[in-house]
Amino acid sequence: MWLKRLALGLAFALVLATAAQADDARAGCDKGGFEAGIAYWRPLAERNEARAQYCLGVLNDAISRDEALAASWYRKAAGQGLPEAQYELGWMYASGHGLKQDDERALAWYRRAADQGHAAAQFRLGQMHEQGRGAPVDFAEAFGWYRKAAKQGIVMAQALLGARYELGLGVGRDEVQAALWYRKAAEQGHAGAQFCLGVLYAQGRGVAKDEAAAVAWFRKAAEQSDAHAQYELGKSYVSGSGVVADHAQAALWFRQAAEQGHVGAQYNLGTQYRDGDGVAKDLAEALTWLRKAAERGDARAILDLKQIEKGTP
């Protein structure tokens, strides 16, 4: 479940995961605006100072949006071995922004930066190997680069390591290690890792079973709008697992997940309205949610709708 969600949301998550390092690298390039920055950095860049060349790339990339010119300055700095510029050049080749898209060149520039310890480049390099971009798919190689990035605090890499250890993808399956890396990401606020750590606590995999701890992590993720966590939190309130049973609270969390399209939550919310369980009985509202679940192929919802239509709910 988590790996599928991870793959679907990876592009956006990568931006979040590497933004802090990019911001740190770019700090100081803006000397009070575009014109002032150009005036400050160009003389230094023309004297072949790599940091100045990089900053001219940043200014043209982020402010004037002249990606081709930015790429030319990044290339000069990258050629001198500046890892921040090598990373930016790799990203341009990978994305096709400012340069013709070329995975092999992207891989090469990411590797140069990664070999110098650039955490974001290590993470991107792992992604390239995992997706078979610029080189054959190699989960073990991807894992190695994710691990390097994770050790430097890249939260998405930590979450990915947790998933790899849980599933045995590119490394031997190890639920204790999965819990360890999920925790590192969860403590940095990564909602997906918080949810996955909650699942491990609920099932007693890699950690001692602890339903209260599971609920605590589900809640953290649910409060960040993670639909799966909202659904699990709703189930916990129904069953009283790790929390005092409260069907009204269950309905509240099921609704939040259902509104995001979670089929199980749509079905459960529909049955609560049908039965007046934790909410006022409302057949019209019940039918609305059961139909949504049925349209997504939920067999229970399809059967319940047939029974309601026959007058035997």
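I began with a definition: a disulfide is a pair of cysteine sulfur atoms within 2.5 Å. I also reminded myself that such a link is a covalent bond between the sulfur atoms of two cysteines.

Entry on the cysteines. The model I used is predicted. How many disulfides does the rule give? I got one disulfide. The partners are Cys-29 and Cys-55, with their sulfur atoms 2.2 Å apart. I looked up the angle about the S-S bond and found -65°, so I noted the link of Cys-29 and Cys-55 as left-handed. Cys-29 sits in the loop between helix H2 (10-26) and helix H3 (34-46), while Cys-55 belongs to helix H4 (residues 50-62), so the pair ties together parts that are 26 residues apart in sequence.

Buried or exposed, I asked next of Cys-29? Cys-29 is buried, with a relative accessible area of 1%. Cys-55 is buried too, at 0%. I also checked Cys-196, and it counts as buried at 4% relative accessibility.

Entry on the whole chain. I found 18 helices and zero strands in the protein chain. Its radius of gyration is 25 Å, whereas a compact globule of 313 residues would have one near 20 Å. Along the principal axes, the C-alpha atoms fill a box of roughly 85 × 40 × 35 Å. Buried residues make up 50% of the 313 residues.

Entry on charge. I looked up 37 positive and 37 negative side chains, and the centres of the two sets lie 2 Å apart.

Methods: Residues numbered from 1 in each chain as written. Predicted model: local features only at pLDDT ≥ 70, side-chain atom pairs only at ≥ 80, totals over all residues. Heavy atoms only, no water. Helix = DSSP H or I, 4+ residues; strand = E, 2+ residues; numbered from the N terminus. Rg over C-alpha atoms; globule rule 2.2 N^0.38 Å. Buried < 20%, exposed > 50% of the residue type's maximum accessible area, 1.4 Å probe, protein only. Lys, Arg positive; Asp, Glu negative; His and termini not counted. Charge placed at Lys NZ, Arg CZ, Asp CG, Glu CD.
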